[in-house]
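Please read them with the coordinates open.

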Amino acid sequence: MAGAHLKRVADENGGTILPIDSEPNALWQCVIGEKSSPKRYIITASGGAFRDRTPQELANVTPEEALKHPTWSMGKKITIDSATLMNKAFEVIETASLFDATLDEIDVVIHRQSIVHSLVEMEDGSIKAQLSLPDMRHPIQFALFYPERRPNDTLPKFDLLDAYELTFEAMDPSKYPCFDLAMKYARIGGTYNAVLAGADEAAVDLFLDRKIKFTEIANEIQTTIDLHEAKTEFTVEDAIAAAQWAYETTTTRHSTV
């Protein structure tokens with residue numbers, strides 16, 4: 001919601017932001033030691049619970065179906081965001097702030113196995129990737145002990161010979177309207193990122209409570225955004241307030257007296 005602010009504070013005070021989310025953490029591991037910035041940042045996405053459904057089949061999916069993530073074991077909010085790919089939109093925004101990249105330098109590809117967590121393409125065409133089994137303890141440990149790497153026998157080990165295949169596919173925008181919606185307003189910036197976060201959280205709650213359909217999540221977010229008077233210049237407090245406003249505004253539309 002306010003990545004540029006946090007990055008500025010870190011830079012001004014000689015601090016380093018250590019990303020723990022698996023995809024930005026993987027990008028971070030890939031760029032360590034490089035003297036030049038990557039030409040392209042490639043974030044992978046599993047595609048979520050409905051990656052093999054057609055857009056027409058999504059109208060009547062249930063919360064229980066949406067919570068059956070094919071590779072990760074996560075909380076309800078992030079699992080639904082994986083199904084809409086809103087989580088990937090937030091990761092793109094996060095990557096732009098963390099690595100001083102433009103949105104055009106960041107791509108998202110579908111990677112069903114969730115083994116390759118992200119990649120970077122360097123100026124010479126070389127591509128570096130970070131691989132591990134889908135377990136959040138890997139990126140968390142890396143951040144906790146950075147710049148050291150510590151052995152940990154309790155972490156699951158990935159064997160290339162057990163992978164069988166690692167596949168990559170283009171994202172189908174028709175299945176993930178939340179992603180394109182978020183990217184549209186991320187390009188505008190300001191407090192829109194905060195409103196995206198707040199409205200999405202509310203819409204996910206409404207879906208989990210069976211007050212809206214899965215296919216209505218994007219519409220709920222758009223409706224709230226349309227009501228927002230965005231600020232170009234804003235403080236962290238403004239971002240927090242905008243997110244809270246967006247959550248309450250989206251939720252109130254479906255409250256009963």
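Predicted model: local features only at pLDDT ≥ 70, side-chain atom pairs only at ≥ 80, totals over all residues.

1. Leu85 counts as buried, at 1% relative accessibility. Phi of Leu85 is near 70°, a positive value in a residue other than glycine. Leu85 sits in the loop between H4 and H5.

2. Asp100 also has a positive phi without being glycine, in this case near 50°. Its place is in the loop between H5 and E2. Is Asp100 buried or exposed? Asp100 has a relative accessible area of 60%, so it counts as exposed, the cut-off for that class being over 50%.

3. Two glycines take positive phi values as well. Gly125 belongs to the hairpin of E3 and E4, which has five residues between the strands, and its phi is near 95°.

4. As background, strands of a sheet pair through backbone hydrogen bonds, in either a parallel or an antiparallel sense.

5. The pairing can be followed strand by strand. E1 and E2 are parallel and share five bridges; in E2, Ile106 is the bridge partner of Tyr41. E1 (residues 40-45) and E3 run antiparallel and are joined by four bridges. E3 and E4 (residues 127-131) are also antiparallel, with five bridges.

6. Ile43 stands opposite Ser118, while in E4 the bridge partner of Ser118 is Gln130.

7. Why is strand E3 described as largely enclosed by the rest of the structure? Six of the six residues of E3 (residues 116-121) are buried, and therefore the strand is largely enclosed. Buried here means under 20% relative accessible area.

8. Tyr41 is in contact with Thr95, Phe99, Ala101, Glu105, Ile106 and Asp107, among others. Its contacts also include Leu27, Val31, Leu119 and Val120. Neighbours within four places in sequence are left aside in this list.

9. The largest nonpolar core has 61 residues. Which of its residues touch the most other members? They are Tyr41, Val92, Phe179, Phe214, Ile217, Ile221 and Ile225. H8 gives the most to this core, with 10 residues. In soluble globular proteins, nonpolar side chains tend to be buried together.

10. H7 (residues 177-188) passes a simple geometric check. At 1.5 Å a residue, its 12 residues should span 16 Å, and the end C-alpha atoms are 18 Å apart, which agrees. The expected span is 1.5 Å times one less than the number of residues.

11. Several residues of H7 are buried: Cys178, Phe179, Leu181, Ala182, Met183, Tyr185 and Ala186. What covers the buried residues of H7 includes H4 (76-84), H5, E2, H8 (192-208) and H9 (217-226). Phe179 is also one of the core residues listed in point 9.

12. The loop between H6 and H7 holds Pro147. The peptide bond from Tyr146 to Pro147 is cis, with omega near 10°.

13. Thr154 is found in the loop between H6 (137-145) and H7. Thr154 has a relative accessible area of 56%, so it is exposed. In sequence Thr154 and Arg137 are 17 residues apart, and in space their C-alpha atoms are 9.5 Å apart.

14. UniProt lists residues 131-247 as "domain: DXP reductoisomerase C-terminal", in an unreviewed entry. In the model, this span is 51% helix and 1% strand. The end C-alpha atoms of residues 131-247 lie 36 Å apart.

Terms used
Residues numbered from 1 in each chain as written. Heavy atoms only, no water. Buried < 20%, exposed > 50% of the residue type's maximum accessible area, 1.4 Å probe, protein only. Pairing = 2+ DSSP bridges. Contact = heavy atoms within 4.5 Å. Core = buried A, V, L, I, M, F, W, Y, C linked by side-chain atoms within 4.5 Å. UniProt positions renumbered as here; feature names shortened; annotations may be inferred.
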